[in-house]
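Dear colleague,

Please find the structure below, handed over for your use. My notes on what was found in it follow directly after.

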Amino acid sequence: MAYGHPVPAGTPWWRELTEPEPEEVSREDGRRTFGFMELAVHGKWRGQGIARHLHATLLGGVTAERVLLNVHPARARSCTT
């Protein structure tokens with residue numbers, strides 16, 4: 001399972017960062033940034049390239065200038081490349 005969506009214009013998301021970002025970074029118009037929100041593969045299906053395929057499929061049609069990857073802090077250490 002994988003999903004995401006365009007970050008809406010005027011989103012308050014950037015105000016939640018520890019350090020403020022300049023306007024040229026935080027400005028959103030509803031098309032500039034795509035938020036990659038979730039990616040999950042059932043344990044018994046891991047190691048078969050399914051996550052890589054879901055990732056590529058979800059982002060394949062994205063025309064945004066950038067992609068925002070949301071990672072829960074508790075999971076950040078378990079992420080691998």
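Arg32 is buried, with a relative accessible area of 9%; buried means under 20% relative accessible area, exposed over 50%, and partly exposed in between (1.4 Å probe, protein chains only). Arg32 sits in the loop between helix 1 (23-26) and strand 2 (33-39). Helices (H or I, at least four residues) and strands (E, at least two) are DSSP runs, numbered from the N terminus.

Please note that this is a predicted model, in which local features need pLDDT of at least 70 and side-chain atom pairs count only at pLDDT 80 or more, while totals for chains, interfaces and linings use all residues. Residues are numbered from 1 along each chain as its sequence is written, and side-chain values use heavy atoms, with hydrogens and water left out. The mean pLDDT (the predictor's confidence in each residue, from 0 to 100) is 88 for the protein, and 91% of the residues score at least 70. Confidence is highest in helix 2 (residues 50-60), at a mean of 96, and lowest in helix 1, at 87.

The surroundings of Arg32 are as follows. Its side chain reaches the backbone oxygen of Arg27 at 2.8 Å. Leaving aside neighbours within four places in sequence, Arg32 is in contact (heavy atoms within 4.5 Å) with Glu24, Val25, Arg27, Ala64, Glu65 and Arg66.

The structure holds three salt bridges, a salt bridge being a side-chain nitrogen of Lys or Arg within 4 Å of a carboxyl oxygen of Asp or Glu. Arg32 takes part in one of them, with Glu65, where the closest N and O atoms are 3.4 Å apart. Because Glu65 lies in the loop between helix 2 and strand 3 and Arg32 in the loop between helix 1 and strand 2, this pair ties together parts that are 33 residues apart in sequence. Glu65 counts as exposed, at 59% relative accessibility.

Glu28 forms a salt bridge with Arg66, with 3.0 Å between the closest N and O atoms. Glu28 is in the loop between helix 1 and strand 2 and Arg66 is in strand 3 (residues 66-69), so parts 38 residues apart in sequence are tied together by this pair. Glu28 is buried, at a relative accessible area of 9%. A further salt bridge joins the side chains of Arg31 and Asp29 (3.9 Å, N to O); Arg31 is exposed, at 63%, and Asp29 is partly exposed, at 33%.

Thr33 lies in strand 2 and is buried, with a relative accessible area of 1%. Its side chain and that of Arg66 are joined by a polar contact of 2.7 Å. A polar contact is a pair of N or O atoms within 3.5 Å; within protein, one must be able to donate a hydrogen and the other to accept it, and residues adjacent in sequence count only if both atoms are side-chain atoms. Not counting residues up to four places away in sequence, Thr33 touches several residues, including His5, Val7, Glu28 and Leu68.

As for the sheet, three strands form an open one in the order 1-2-3, with mixed pairing; two strands pair if DSSP finds at least two bridges between them. Strand 1 (2-6) and strand 3 stand at the edges with a single partner strand each, so one side of each is left without a neighbour in the sheet. Strands 2 and 3 pair in the parallel sense over four bridges, and Phe34 has Val67 in strand 3 as its bridge partner.

Yours sincerely
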